[in-house]
Amino acid sequence: EVRRRSSRQVRTTSRFLYGVIMAINPYFKNQRKEQNVLEDLAIETIKIHGQNMIYMPRTLTNEDALFGEDTQSVFNNGYEMEMYISNVDGFEGEGDIISKFGLQINDTATFVASKKRFRQAVGDFESGITGPREGDMIYMPLTKGLFQITFVEIENPFHQLGKLYTYDLTVELIKYSKEQFKTGWPDIDNLGAARDNPMIQLALG
């Protein structure tokens, strides 16, 4: 009886500890006002320390169902929005490599974009796009570089005050390969036109 009573006491004590004392405080909950303040602070930080980028959704015209790629992609629109560059010391990746195929530039970076600002700048104008997508392009006017999104992280930082506020976009610098740019931004559209011009290619070679 003593042993049984002791085990009952242990179970009661454990139930009390984990059911009452170890529970989260019911008087401090994730409030919408605090979430809005934190989201506005994130947006303001990106606006202060970030760079203007051009986000370009990819339109597939001749998708290969087997390999899941399209060599004739079209970019009909470009949307300007601010993004923060996480790599403060420069681009990451393997860098510049001279191989048997020539000079290869393997630069990668991580851009941070606000979910709210993405919805306002892109989502409200593109039906079916609720967030950044792998394969879409980002043009950085600062370096005149064209980057492709390779991965989208949606849970970093992880649920601060019970909500997600930003995207972490892993991007890599790409070379132009017959994509069609009709975005309305001259610097981007002329990129494809210059590469398609044989006289310019001869001069560059």
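Let's start at one spot: Met140 stands opposite Gly145 in strand 7. This is a predicted model, where local features need pLDDT of at least 70, side-chain atom pairs count only at pLDDT 80 or more, and totals for chains, interfaces and linings use all residues. Residues are numbered from 1 along each chain as its sequence is written, and side-chain values use heavy atoms, leaving out hydrogens and water.

**Strands**
- Strand 6 (residues 137-140) and strand 7 (residues 145-153) pair in the antiparallel sense over 4 bridges; strands are DSSP runs of E with at least two residues, helices are runs of H or I with at least four, both numbered from the N terminus, and two strands pair if DSSP finds at least two bridges between them.
- These two form a hairpin with 4 residues between them, and Lys144 in the turn has a positive phi of about 55°.
- Strand 7 also runs antiparallel to strand 8 (residues 166-173), joined by 6 bridges, and Gln148 stands opposite Glu172 there.

**Helix 3**
- In helix 3 (residues 115-123), Lys115, Arg117, Phe118, Ala121 and Val122 are buried (under 20% relative accessible area, with exposed over 50% and partly exposed in between; 1.4 Å probe, protein chains only).

**Aromatic pairs**
- A search of the whole structure turns up 5 aromatic pairs (rings of Phe, Tyr and Trp, using its six-membered ring, with centres within 6.5 Å; planes under 30 degrees apart are stacked, over 60 edge-to-face, the rest tilted).
- Tyr55 and Phe118 pair edge-to-face, 5.1 Å centre to centre with 85° between the planes.
- Both Tyr55 and Phe118 are buried.
- Phe75 and Phe181 are stacked, at 5.2 Å and 15°.
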